Amino acid sequence: MEVIKYPSREEWASLVQRPALDVTTLFDTVRMVLDEVRKEGDAAVIRYEEKFDKINPVTFKGLQVSEQELAEAKEFVPEDLKLAIRQAKDNIEIFHASQCFTGKKVETTSGVTCWQKAVAIEKVGLYIPGGTAPLFSTVLMLAVPARIAGCKEIVLCTPPGKEGKVHPAILFAAETAGVSKIFKVGGIQAIAAMAYGTESVPKVYKIFGPGNQYVTAAKQLVSLKEVAIDMPAGPSEVEVIADESANPAFIAADFLSQAEHGVDSQAMLVTASESIVKPVMQAIWEQLDRLPRKEITEKSLSHSRLIVLKDKQEVIDFTNLYAPEHLIIQTADYVDIAGQIENAGSVFMGPYTPESAGDYASGTNHTLPTNGYAKAYSGVNLDSFTKKITFQEITADGIKQLGGTIRTMAANEKLDAHKNAVTIRLNTL
């Protein structure tokens with residue numbers, strides 16, 4: 001971990017840099033896999049599953065998870081985990097259902113009425129990474145709002161283990177959340193299958209979900225013309241704002257919960273209270289020794305930072321420049337600081353609100369913009385799974401009221417056919 005005290009504002013640009021890989025270096029490899037899946041369909045997907053996910057072709061029972069596999073998975077999920085998944089699903093459902101859009105009809109001019117309607121994206125694809133841990137929580141975060149939005153087909157792809165099976169908790173969460181079809185496909189080939197469609201995997205219109213740098217590169221490439229994606233994504237990150245009133249053990253726990261995500265994750269402490277730096281560092285090392293993912297966490301901590309700034313305003317300004325994916329505020333005046341935050345994916349306020357709550361079960365979504373994209377992007381929400389169609393209706397009185405304005409503007413843009421579309425109507429009145 002690096003401790004930086006009272007950097008000048010000129011130094012801030014370098015301090016907000018992430019340890020992110022430039023995925024453009026992977027594009028040649030990714031393009032090759034995308035092209036082969038587009039041309040060969042299932043055959044290419046299975047070939048790359050054997051190569052990248054090391055599945056045993058003898059035990060592999062096809063790309064789609066069967067009803068029998070879903071039923072068997074339930075037997076392997078402990079009852080306490082089933083209960084936790086159901087409660088988390090209920091909270092996520094409550095929060096996202098509150099975001100339902102109601103279009104309001106507006107009369108912009110007498111006789112001219114305009115409105116919007118939210119319509120679900122018909123087919124969506126969810127990518128759930130395998131990696132070092134089964135991310136069944138991400139299944140809930142993506143599938144629950146998709147179902148509430150009314151998406152007709154919710155397709156999920158996730159890498160299987162070497163025996164060709166998906167982790168039981170992922171299958172249980174998928175069935176609980178309302179996923180339509182589940183496929184044992186990971187990596188680039190999963191993104192390709194959902195973007196282009198194969199004999200087994202339906203083509204979707206938008207792809208959601210995190211992944212490694214190859215998945216990220218694949219999502220970027222297919223989004224150029226084949227399919228929409230949720231947002232640009234990079235390694236996960238957290239910033240903690242704290243003052244002398246904060247509990248160092250709480251801060252350390254938040255640091256480590258972020259750092260254990262992966263070796264390229266980043267944790268930041270930003271404070272105007274220099275006195276808390278040493279107690280926080282000591283608490284981090286004490287807690288680290290007790291973690292089973294210590295090796296991964298240590299590598300992540302190597303590019304994490306504790307930054308001391310001169311006052312509260314600098315803390316706020318630095319935070320808005322960094323635009324963290326997760327922002328935890330543990331200060332005496334956390335409500336005031338939170339009110340001045342303009343760039344963040346999700347904000348966790350007060351000493352008893354750990355990032356873990358949003359990651360799992362409070363109800364908010366944990367699929368969030370990273371790498372500074374919180375300056376312009378929202379996290380996944382109900383709107384992510386809908387599109388809005390605008391409607392307008394103009395009466396005879398309305399076209400009389402507005403016709404002159406339209407004709408004048410069209411004439412000055414030298415678009416005579418546009419002008420005539422109004423004139424020909426006015427001449428009938």
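I count two strands as paired if DSSP finds at least two bridges between them. Strands here are DSSP runs of E with at least two residues, and helices are runs of H or I with at least four, numbered from the N terminus.

I am working on a predicted model, where local features need pLDDT of at least 70, side-chain atom pairs count only at pLDDT 80 or more, and totals for chains, interfaces and linings use all residues. Residues are numbered from 1 along each chain as its sequence is written, and side-chain values use heavy atoms, without hydrogens and water.

**Sheet**

I looked up Val106 and found it opposite Cys114 in β3. β2 and β3 (residues 112-120) pair in the antiparallel sense over three bridges. I then traced the open sheet of three strands: its order is β2-β3-β14, with antiparallel pairing. β2 (106-109) and β14 (386-394) each have a single partner strand, so one side of each lacks a neighbour in the sheet. The twist averages 30° from one strand to the next. Helix α16 (residues 396-412) packs on this sheet and touches β2, β3 and β14 (contact means heavy atoms within 4.5 Å). The direction of α16 makes about 95° with that of β14.

**Helix pair**

Next I checked α6 (residues 136-149) against α7 (residues 168-177): they pack at about 15°, axes 9 Å apart. Axes are lines fitted to C-alpha atoms, for helices over the stretch in contact; angles run from 0 to 180 degrees between N-to-C directions. I noted residues that meet across this pair, among them Phe136 and Arg147 in α6 and Ile170 in α7.
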